Amino acid sequence: MGELEPRIKRITDFLELRLSQMHSYHNHKETMAHAAILVALAFVGAVLSSSQWPPQWIPPVQVSSRGVAALGVTMIWLVIHVYMRWQMRNRRVAALYVACLLKVLRRWADTSPSEEELKPYQDTIPSTHKIHFYVDLLIPWKSARVPSDEGMQGYPAAMVTEYLKTDTGALFAENLVSYGSIALGLVLLVRALS
């Protein structure tokens, strides 16, 4: 057990450092998603308060200027929405990391980790169906696995095992913000077509 102690200390220190990083990352992603919602609110407010619709600067084309305006505002909203969803998805990953890291560190505070738990994880994590991945870019899809940038290989097996079975309450806020953004998009579309 004596030679295992320095290794346990190194791994525990690493997990604690990662936990600290994930807390900051989680807060940053949440802030950026909320900034995107503010941009969407400002954009929708500007369109709703426009005294003339469609705007005069839309060039005369064969299709209706309302159609061009509707397409334009929908495209701008879609970019803002997908950016916000990307931030919220990364926030979900951070929340999962924080939850699993806390569980593992809490367990190891009472019980020394086994050699098996300390081994670097080598398998690949099963990916989600592509359709779930793309749907999750527009609306939250609970079963869509959001991959982390660096992957899980090399992390302690206990952490990855915990990550794969951990759930997060971050999905509730993600639903709230995402469906709020979709409601804004619908208001925008109604205004653009009226």
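Let's start with a charge on a ring: K29 lies over the face of W86, 5.3 Å from the ring centre. The criterion here is that NZ of Lys or CZ of Arg is within 6 Å of the ring centre and within 35 degrees of the ring normal. R18 does likewise with Y97, sitting over its face at 5.1 Å from the ring centre.

A quick word on ground rules: this is a predicted model, so local features need pLDDT of at least 70 and side-chain atom pairs count only at pLDDT 80 or more, while totals for chains, interfaces and linings use all residues. Residues are numbered from 1 along each chain as its sequence is written, and side-chain values use heavy atoms, with hydrogens and water left out.

Back to the rings. Rings of Phe, Tyr and Trp (its six-membered ring) pair if their centres lie within 6.5 Å; planes under 30 degrees apart are stacked, over 60 edge-to-face, and the rest tilted. By that rule there are five aromatic pairs. One of them joins Y83 and W86, a tilted pair with 6.1 Å between centres and 50° between planes. These two residues are three apart in helix α2 (residues 65–110), so about one helical turn separates them. Helices are DSSP runs (H or I, at least four residues), numbered from the N terminus. Y83 is partly exposed at 33% relative accessibility, and W86 is also partly exposed, at 43%. On this scale buried means under 20% relative accessible area, exposed over 50%, and partly exposed in between (1.4 Å probe, protein chains only).

F133 and Y134 also pair up, this time edge-to-face: 5.3 Å centre to centre, with 80° between the planes. Both are partly exposed, F133 at 26% and Y134 at 48%. Elsewhere, F14, Y97, Y155 and Y163 form one aromatic cluster.

Now for the inside. A nonpolar core is a set of buried Ala, Val, Leu, Ile, Met, Phe, Trp, Tyr and Cys residues joined through side-chain atoms within 4.5 Å. The largest one has 25 residues, and Y97 and Y163 are among those with the most contacts inside it, as are L15, L101, W108, M152 and M159. Helices α1 (4–48), α2 and α5 (157–165) each supply at least two residues of this core, with α2 giving the largest share, 10 residues. Apart from it lies another core, of 20 residues, including A36, W77, M88 and A192.

Finally, take a look around Y163. Leaving out residues up to four places away in sequence, Y163 touches V93, L96, Y97, C100, V146 and M152, where contact means heavy atoms within 4.5 Å.
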